[in-house]
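Please consult the sequence and the 3D view shown here before reading the notes.

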Amino acid sequence: MASSFLSCFLPRFLGDRRRLLKVSTTPFAQVGVSAKTTKRKESRIGKQPIAVPSNVTISIQGQDLKVKGPLGELALTYPPEVELTEEDSGFLRVRKTMETRRAKEMHGLFRTLTDNMVVGVSKGFEKTLELKGVGYRAMVQGKELVLNLGFSHPVKIEIPDSLKVKVDKKIIIFGKGEKVKITIVIVSGYDKCEIGQFAATVRKWRPAEPYKRIGVCYSDEIVHRKKGKDRTNK
């Protein structure tokens, strides 16, 4: 009954529009899956070899690395996701042992850490801090760095044994040609991580503010200046 009703009703209802309703009876084509494997990309930093100078001694025992040079000695333990190998040409190379997301992250990271160790024990690293402000001074007293940063008391920071801290003066020239003498703190050593940590500890006591740029900042740091409140338009 229903089928006969539809067969009579639909032609009258659709009219010529039936020509626009085209239903394909062609079966769908089967989608094939290619078994071709693609080569996984390596980290651009991680795949670079590490050159070892003649005055640096390398000792590899399993996942442990020891680097000894004229400035000091450093050690590092690698995670199971990466491994370090020494080639016949004398270069060091960091490789992944598995294809996981963490392995990709560790690949470039530990290649950089290894290169910093080799460069640190042979040449060393250095970081410079600038103290900008009226009365901002610094001095080295024994194994401590004493800072005057506008507080009611001096700030004393203990200097690690592997670091050398030197206080000096520097003349900077402003836009109008005005010369101002500021205090700079030079941190040097063979462990780049420890140098960066000590410099960050000094900087956090009085970071440079964006209005007058007064405070402690790195020598290569760019402090973007903000415009203060305009009190003329009232």
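In this predicted model, helix H3 (residues 192-203) lies across E8 and E9 and runs at about 170 degrees to E9. Contact here means heavy atoms within 4.5 Å; axes are lines fitted to C-alpha atoms, for helices over the stretch in contact, and angles run from 0 to 180 degrees between N-to-C directions. Helices (H or I, at least four residues) and strands (E, at least two) are DSSP runs numbered from the N terminus.

Residues are numbered from 1 along each chain as its sequence is written, and side-chain values use heavy atoms, with hydrogens and water left out. As the model is predicted, local features need pLDDT of at least 70 and side-chain atom pairs count only at pLDDT 80 or more, while totals for chains, interfaces and linings use all residues.

- Strands E7, E8 and E9 form an open sheet in the order E7-E8-E9 with antiparallel pairing, two strands being paired if DSSP finds at least two bridges between them.
- Strand E7 (137-141) and strand E9 (155-158) are at the edges, each with a single partner strand, so one side of each has no neighbour in the sheet.
- On average, neighbouring strands of this sheet are turned by 20 degrees against each other, direction ignored.
- Strand E8 (residues 144-148) pairs with E9 over 4 bridges in the antiparallel sense, and Val-146 stands opposite Lys-156 in E9.

- An open sheet of 3 strands has the order E1-E2-E3, and its pairing is antiparallel.
- Strand E1 (57-61) and strand E3 (73-77) are the edge strands, each pairing on one side only.
- From one strand to the next, the twist averages 15 degrees.
- Strand E2 (residues 64-68) is joined to E3 by 5 bridges, the two running antiparallel; Asp-64 stands opposite Thr-77 in E3.
- Helix H2 (residues 101-122) lies across E1, E2 and E3 and runs at about 170 degrees to E3.

**Second largest pocket**

- The second largest pocket holds about 160 Å³ of space, a volume being the space filled by probe spheres set on grid points joined across faces, edges and corners.
- A pocket is an open set of points, on a 1 Å grid over the protein atoms alone, where a 1.4 Å probe fits, with protein on both sides within 12 Å along at least five of seven lines; lining residues have an atom within 4 Å of a point.
- Its lining includes Leu-71, Lys-123, Asp-161, Lys-164 and Tyr-190.
- Strand E10 (163-173) and strand E11 (179-189) are the elements that give two or more residues to this lining.
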